[in-house]
Amino acid sequence: MQIANIYLSLVSLCAASFYILGVILQWLRITGKVISKKIVLGLITLGAILQAFSLIYYIISPNGIMLNFFTTGSLCGFVIVIIVLLSSITKPLENIFAILLPFVVLSIGLTWAVRGPQDLITHLNHGIIFHIIISVLAYSTLSIATLQACLLGFQEYTLKHHKPSRILKIFPPVETMERLLFEFIFAGMILLTLSLLSGFVYFKDLIIHHISHASVLALISWFIFGVLLLGRYRWGWRGKTAIQWTLIGFIMLMLAYFGSKLIMDMVFLQA
């Protein structure tokens, strides 16, 4: 057991170190330094590989799958990193890492340092596994959309207030940023819809007899993102309106996915 803990500590430390190097180099690129994009993505890829190894040990056990607040947060961070890495091959998304990676490093540290409750899922079947996977993918995809909205907001603020900066030179045009934002929102909405439907099918008794706050918040988030997409394609919503609706929708979704679990885990840790 002690050897396993040492192994986890080393792997987690190395994963966090590669991520930190990656985010430092990406910020240097943003500020105008000539640094290869391949080097940045290579470091982040190494960090993701090591994080995957640590997650396997944290989450998978002989008795089931352990998903408390901290391991779930680290898992979502890992999935977001993978999606952005793959998307960065063909799309200008690497700037998202400048915002994303510090939070992923924090999640790795908390997973290692704070031993949350052994929230084991023991009765697994294909339906529950599908629901878990599709829920993590939905949250991760809409998280990327939210990060994209933050970058778009910074870009529009800088342009509107006539503050020329070398940082703007590394950003794609506003139209491209908006297109990427709505592509991720559309993909996230499909995944979120599947998540809600699968949750109703495989947890129908729980939903009928006890409608949880998480379910209500997830439905509110689904409605907000749905209205945003309708507004985009019907009335051409963009800019500040799109950014605000994206942030509100994501806040609802974050509370749905993590709010109740955080409260329960904190109560456990204080008990």
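**Group meeting: a first look at a predicted helical model**

The model I am presenting is a predicted one, and Leu 142 is found in its helix H5. What does Leu 142 touch, once its neighbours within four places in sequence are left aside? The contacts are Phe 184, Ile 185, Gly 188, Met 189, Leu 192, Phe 225, Phe 250 and Leu 253. A related pair is Leu 142 and Gly 249: they stand 107 residues apart along the chain, yet their C-alpha atoms are separated by 9.1 Å.

The chain has 10 helices and 3 strands. Read from the N terminus, the order of elements is α-α-β-β-α-α-β-α-α-α-α-α-α. Of the 271 residues in the chain, 45% are buried.

The average pLDDT of the chain is 83, and 81% of the residues score at least 70. Where is confidence lowest, and where is it highest? The lowest mean, 51, belongs to helix H8, residues 204-209, while helix H2, residues 37-59, has the highest, at 92. Over residues 267-271, pLDDT stays under 50, and for this stretch the model has 6 contacts beyond four places in sequence.

As for Leu 100, its contacts, not counting residues up to four places away in sequence, are Ile 80, Val 81, Val 84 and Leu 147.

Two further residues deserve a moment. Leu 55 lies in helix H2. Why does Leu 55 count as buried? Its relative accessibility is 5%, and the cut-off for buried is under 20%, so Leu 55 falls within that class. Leaving aside neighbours within four places in sequence, Leu 55 is in contact with Ile 60, Thr 71, Ser 74, Leu 75 and Phe 78. Leu 55 and Leu 8 are 47 residues apart in sequence, and from C-alpha to C-alpha they are 9.2 Å apart in space.

The other residue is Ser 195, located in helix H7. Ser 195 also counts as buried, because its relative accessibility is 5%. Not counting residues up to four places away in sequence, Ser 195 touches His 131, Ile 134, Ser 135 and Tyr 257.

Finally, I come to the second largest pocket, whose volume is about 590 Å³. The elements giving two or more residues to its lining are helix H3 (69-88), helix H4 (96-113), helix H5 (126-160) and helix H10 (239-270). Which of the elements gives the most to this lining? That is H4, with 8 residues. In total, 22 residues line the second largest pocket, and Gly 73, Phe 103, Ser 107, Tyr 139 and Met 254 lie nearest its centre. By type, the lining divides into 15 nonpolar residues, 7 polar and no charged.

Note on methods:
Residues numbered from 1 in each chain as written. Predicted model: local features only at pLDDT ≥ 70, side-chain atom pairs only at ≥ 80, totals over all residues. Heavy atoms only, no water. 1 Å grid on protein atoms, 1.4 Å probe; cavity = no way out; pocket = protein on both sides within 12 Å on 5 of 7 lines; lining within 4 Å. Points joined across faces, edges and corners; volume = space filled by probe spheres on them. Helix = DSSP H or I, 4+ residues; strand = E, 2+ residues; numbered from the N terminus. Nonpolar A, V, L, I, M, F, W, Y, C, P; charged D, E, K, R; others polar. pLDDT = per-residue confidence, 0-100. Contact = heavy atoms within 4.5 Å. Buried < 20%, exposed > 50% of the residue type's maximum accessible area, 1.4 Å probe, protein only.
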